[in-house]
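Student: I have a model open and want to learn to read its features. Where do we begin?
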Amino acid sequence: MAASSASFSVVSFSSIKTDKLSVTRFNSVPLNTSRRSNSRCVISAAASFPVQEVDQRRPEELAASIFSKVMQTDRGVTLTREQHLQVADLTTELSKYCIDSPVTCPLIFGDWDVVYCSNPTSPGGGFRSGLGRLVFKTNEMIQVVEAPDIVRNKVSFSALGFLDGQVSLKGKLIVLDEKWIKVVFEPPQLKLGSLEFQFGGESEVQLEITYVDDKLRLGKGSRGSVFVFQRRKPTV
């Protein structure tokens with residue numbers, strides 16, 4: 001999302017190898033032990049196959065699970081590797097419910113909070129690096145998608161705990177196919193206290209919309225970063 005990053009039931013059976021053939025033990029149980037040795041026997045055998053667990057939760061339940069894992073985590077910064085993998089599994093599962101052509105869905109428009117990214121520096125660039133977070137505390141990270149083709153990104157922060165600032169970008173949305181979009185951004189605008197100026201040059205990002213509904217949007221950057229957006233509630 002940030003300008004500097006250049007960037008929403010099958011059971012499998014493994015084949016049996018003949019050199020490592022697994023043999024199930026068969027137990028022979030005589031019908032009547034008093035009969036002669038040539039009596040017929042009942043042969044019983046049991047075989048079990050591992051069954052892959054399938055997440056059968058509804059989309060709204062998956063969405064609720066995603067929000068529960070990413071909220072209050074500084075947009076994913078404080079999550080462990082294992083927790084990131086859990087979020088990845090949930091977003092992958094929810095993406096299976098995505099409509100066929102999300103880029104044409106009106107639900108993509110609106111004001112969105114960036115509540116998670118698997119790569120901390122993808123949204124916000126250097127402001128979200130390890131060193132940057134020591135100096136700049138992120139207050140809000142918002143993406144506004146306006147019909148028909150305008151994207152506005154805004155990161156508001158406080159520098160050193162007392163100086164308010166904001167970085168904003170305006171870009172043009174270009175549809176690449178039924179799921180992928182490209183956004184070409186103008187040079188970013190930086191506001192720091194009473195100072196306001198433009199810096200840097202144009203940039204572009206590509207993003208796949210992997211799911212969208214009235215509350216949640218999932219995206220995946222061209223380098224694999226996973227984004228979770230939550231629709232902002234209208235201000236009264």
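Tutor: Begin with a loop. Phe162 sits in the loop between strand E5 (150-159) and strand E6 (163-175). Keep in mind that this is a predicted model.

Student: Is Phe162 buried or exposed?

Tutor: Read the relative accessible area against a cut-off. Exposed means over 50%. Phe162 has a relative accessible area of 63%, so Phe162 counts as exposed.

Student: What should I take from the chain as a whole?

Tutor: Take the totals. The chain has 236 residues, and 34% of them are buried. Its secondary structure comes to 3 helices and 12 strands. The accessible surface is about 15000 Å², with 53% belonging to carbon and sulfur atoms.

Student: How do I find empty space inside a fold?

Tutor: Rolling a probe the size of a water molecule over the atoms shows where empty space is left. Here, the largest cavity holds about 120 Å³ of space.

Student: What lines the largest cavity?

Tutor: Its lining has 13 residues. Nearest the centre lie Gln143, Ile181, Val183, Leu207 and Arg217. Strand E4 (136-146), strand E7 (180-185) and strand E10 (203-212) each supply at least two lining residues. By class, the lining has 11 nonpolar, 1 polar and 1 charged residues.

Student: Now an open site. How much space lies in the second largest pocket?

Tutor: About 260 Å³. Its lining includes Val70, Met71, Asp113, Glu140 and Gln230. Strand E3 (110-117) and E4 are the elements that give two or more residues to this lining. E3 gives the largest share, 3 residues.

Student: How do the lining residues of the second largest pocket divide by class?

Tutor: Into 5 nonpolar, 3 polar and 4 charged.

How values were computed. Residues numbered from 1 in each chain as written. Predicted model: local features only at pLDDT ≥ 70, side-chain atom pairs only at ≥ 80, totals over all residues. Heavy atoms only, no water. Helix = DSSP H or I, 4+ residues; strand = E, 2+ residues; numbered from the N terminus. Buried < 20%, exposed > 50% of the residue type's maximum accessible area, 1.4 Å probe, protein only. 1 Å grid on protein atoms, 1.4 Å probe; cavity = no way out; pocket = protein on both sides within 12 Å on 5 of 7 lines; lining within 4 Å. Points joined across faces, edges and corners; volume = space filled by probe spheres on them. Nonpolar A, V, L, I, M, F, W, Y, C, P; charged D, E, K, R; others polar. Areas by Shrake-Rupley, 256 points an atom, 1.4 Å probe, with all protein chains shown as cover.
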